[in-house]
There are 2 protein chains.
Amino acid sequence: MTESSSPAARLLTREPVVAAAGAGLLADALAAQAVAVTRTDWRPPAPGTSGDLDRVLADPRRAEANRTAVGRVLASTANLVDVRPASEALGLRPGQFLHAGPPITWERASGPLRGALVGAMLLEGLADTPEDAEKRLAAGEAEWEPCHHRGAVGPMAGIVSPSMWMCELEDTVHGNRAWCSLNEGLGKVLRYGAYGPEVLERLRWMSAVLGPLLQRAVRRHGPVDVRAVIAQMLQMGDEGHNRNRAGTLMLLRELTADLVESGAPSRDTADVIRFVGGNDHFFLNLVMPACKLALDAARGIPGSTMVVAMARNGTDFGIQVSGTADRWFTGPAAVPDGLYLGAYGPDDANPDIGDSAITETAGLGGFAMAAAPAIVRFIGGRVQDALDATRRMYDITLAQNTAHGIPVLDFRGTPTGIDVTRVVRTGIVPQINTGIAGRVAGTGQVGAGLVTPPITCFTSALAALADEVPAGH
Amino acid sequence: MTESSSPAARLLTREPVVAAAGAGLLADALAAQAVAVTRTDWRPPAPGTSGDLDRVLADPRRAEANRTAVGRVLASTANLVDVRPASEALGLRPGQFLHAGPPITWERASGPLRGALVGAMLLEGLADTPEDAEKRLAAGEAEWEPCHHRGAVGPMAGIVSPSMWMCELEDTVHGNRAWCSLNEGLGKVLRYGAYGPEVLERLRWMSAVLGPLLQRAVRRHGPVDVRAVIAQMLQMGDEGHNRNRAGTLMLLRELTADLVESGAPSRDTADVIRFVGGNDHFFLNLVMPACKLALDAARGIPGSTMVVAMARNGTDFGIQVSGTADRWFTGPAAVPDGLYLGAYGPDDANPDIGDSAITETAGLGGFAMAAAPAIVRFIGGRVQDALDATRRMYDITLAQNTAHGIPVLDFRGTPTGIDVTRVVRTGIVPQINTGIAGRVAGTGQVGAGLVTPPITCFTSALAALADEVPAGH
């Protein structure tokens, strides 16, 4: 009987057991021959990074700095405390605009970013026609800088102009405020680069009616605990980026009674309720500044390798890291992979755009996909993909946010706090859920899907972190 | 080498492989000895039922009758078309009440049912004190019959009195209407058997303000598609029985703008919004009549073995079956197994009560547990239990309701249409989510949990079905 054979003989008579790591080629070949293969997630670090990785991993400040950084993210609060015009809240003057992502010039700006700037020029009365606006923008008659540079975040093109009304959120623990514009809805909207008459008419109503009525409601209600709503929405099929349906309903429930009692005309009140209730993404513009507050609390901690912002301007993907102050590390933005609306297809898609990846940076969106299995119907894939996406993100994050329990994972907290060293070491890049803008200015939304940042953002951040490691280490 | 041994010899040298069915004792013993056991779900039919089972399974009408029955369930619609007092909608006269479950006398009525009848007597001005009410009820001064006998359903005690306002739902496909009272909220409420001053005060406000304002809103809005909301809520963590949070929010969104425009005083409008928005169970009282409509459409089909009602009065658990007209098959109601509020424990619990098991009868509630993994935090157990509960129900049902896709099961439709023959053949009884009422009249809610019907309801229904099989089969 084989049980009595020598160990060496047994190796020849028993079925081989194979554990595979790294490139899948060998494992695939064995599997094709019906050999049982146990695959591991290990992958080699990105090429040319081992020196930087050794240096940063040996930084004696790192562990404590990262504990502090992610601790601040978890401890942050986010209350909606006001709704105000950007001119007042952010001091934006005529001819000044904010945009999504890292800094960019007109020459390098993508279609949807140009389209949204054109719309903002028209909205603010700084140009008479789209052509006129383009000419003035190209001639340097306006100025723009990233939302992130003013404590704000903007979805998609992320354009903020002085007359737009902003949600104002406060983190009472760390004493910060953050802002985001009011969500316009889907389809032909400014943030996707559309600037037709219906876009401008909607924006004017938002400044004349929606903003002021929400201001009344919020001031009458008192601070709305946005973090509490986020915790709830993750138990109701939302992941806080591409799906904000339950969050929007809960915000509406929170504010409606005060809105009714605020003394505004019934017709306007009903219009506001219908507008917010009819836009499942309205709450995205509150999730984003809540995430911004969490990550701003963790900025500028020497030695921390935690990512504090991921943002795209339609051309570049940029990240910022706690240990490297406000530096941007950029690489080319990719075109998302997803499902398209109507007759649109991948050829119509602009590369990745928007500050909304702040949700993933804080452990929501693509990182919380397992909480929102229904989302696969809008971005493609199967439910298992959603579960796998969240599970994979635990490998590159510093903590689990127990306030954000995912029911189907037995309330395991969302993977939170992206660690540059883990991304580089594993080659696993953050999973981002996103809308897809048309690449031609004026088009609007063409789809929704998944995208990842270029690994170069993380390898150049790692190099900068390595330069900052104190001498002698 | 073993590969060249005879088949008989191989049996002795290889590890045994065991498949186990029926009682788990043998499988457990083998597992304890580290033998791999594949367990199957097969169980022997309930004792003494094989004759009835053979007869009913051989009924030539059965397959087609069940296809018709479950087809009507799937094809039914449910629109909220009005909100009206029970006196008007159901023709209830002073001294007439409806209650949950099969018929029952005062002598056999449980504490919460008696408590709710006492409260209804006080509410209607038919008694001056609880003692006076009890005396009059025991003396036969009032009459009561099951909600189900009047096209209505009531959660927990399910007491309906003439002055209570009812949601009125319509199935436009089959031309039926169904009714349910307005949900009072949790804690000390009439439906859990409480009748204190705060209970009666709330009920008076509901009749004076809530009902009339909802009537205005619904009439102004037009029919509200309750089935569409149910389909959505299953993608938002609700199962439609113990969790109705998303459903309630969607109903509020649907009606609020019309409520605001209906001309009612702002203060009353705001109160109604706060009351509905503050009660996550409000929508249960719309899910229930929607399910009632679906099942009423399938009543009275000769040869059909599909269950069309499961209902409990706090003493008896009763079921009705399509092929046996309006007969009740009853057995003793069990005490639910679950989690208790505050200092309450199992000794405080009344046996199972309420018409709300109509949700399970229609494939929601316990049958849709996999859609609501977060519910295990309120009723006990782990997420896997929720998934397993739904999967088990596919074994005793006739169809999957594709309109009710469960995201985490890759949008598999909810198990719908309980088949008496499958229940008896497998011994698997329906899984019901439920609230737990205090057994002493006047207490209110003490917990929430899981419960199952006694198998005798199904074996006696099977016997009746066997009697109805045409001679010669």
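(Strands pair if DSSP finds at least two bridges between them; helices, H or I of at least four residues, and strands, E of at least two, are DSSP runs numbered from the N terminus.) You are viewing a predicted model, where local features need pLDDT of at least 70, side-chain atom pairs count only at pLDDT 80 or more, and totals for chains, interfaces and linings use all residues. Residues are numbered from 1 along each chain as its sequence is written, while chains are lettered from A and ligands numbered from 1 in the order in which they are written.

Next, click Arg312(A); opposite it, in strand 10 of chain A, stands Phe317(A).

Now widen the selection to the open sheet of four strands, with order 11-10-9-13 in chain A and antiparallel pairing. Its edge strands, strand 11 (329–332) and strand 13 (353–354) of chain A, each pair on one side only. (Contact means C-beta atoms, placed from the backbone, within 7 Å.)

Finally, colour chain A by domain: domain 1 (2–39), domain 2 (50–70 + 299–468) and domain 3 (78–289), with bounds from an automatic or database domain assignment. The C-alpha centres of domain 2 and domain 3 of chain A lie 23 Å apart. Their contact takes 46 residues from domain 2 of chain A and 45 residues from domain 3 of chain A. Which strand gives the largest share of the domain 2 side in chain A? Strand 9 of chain A does, with four residues.

Note on methods
Contact = placed C-beta atoms within 7 Å.
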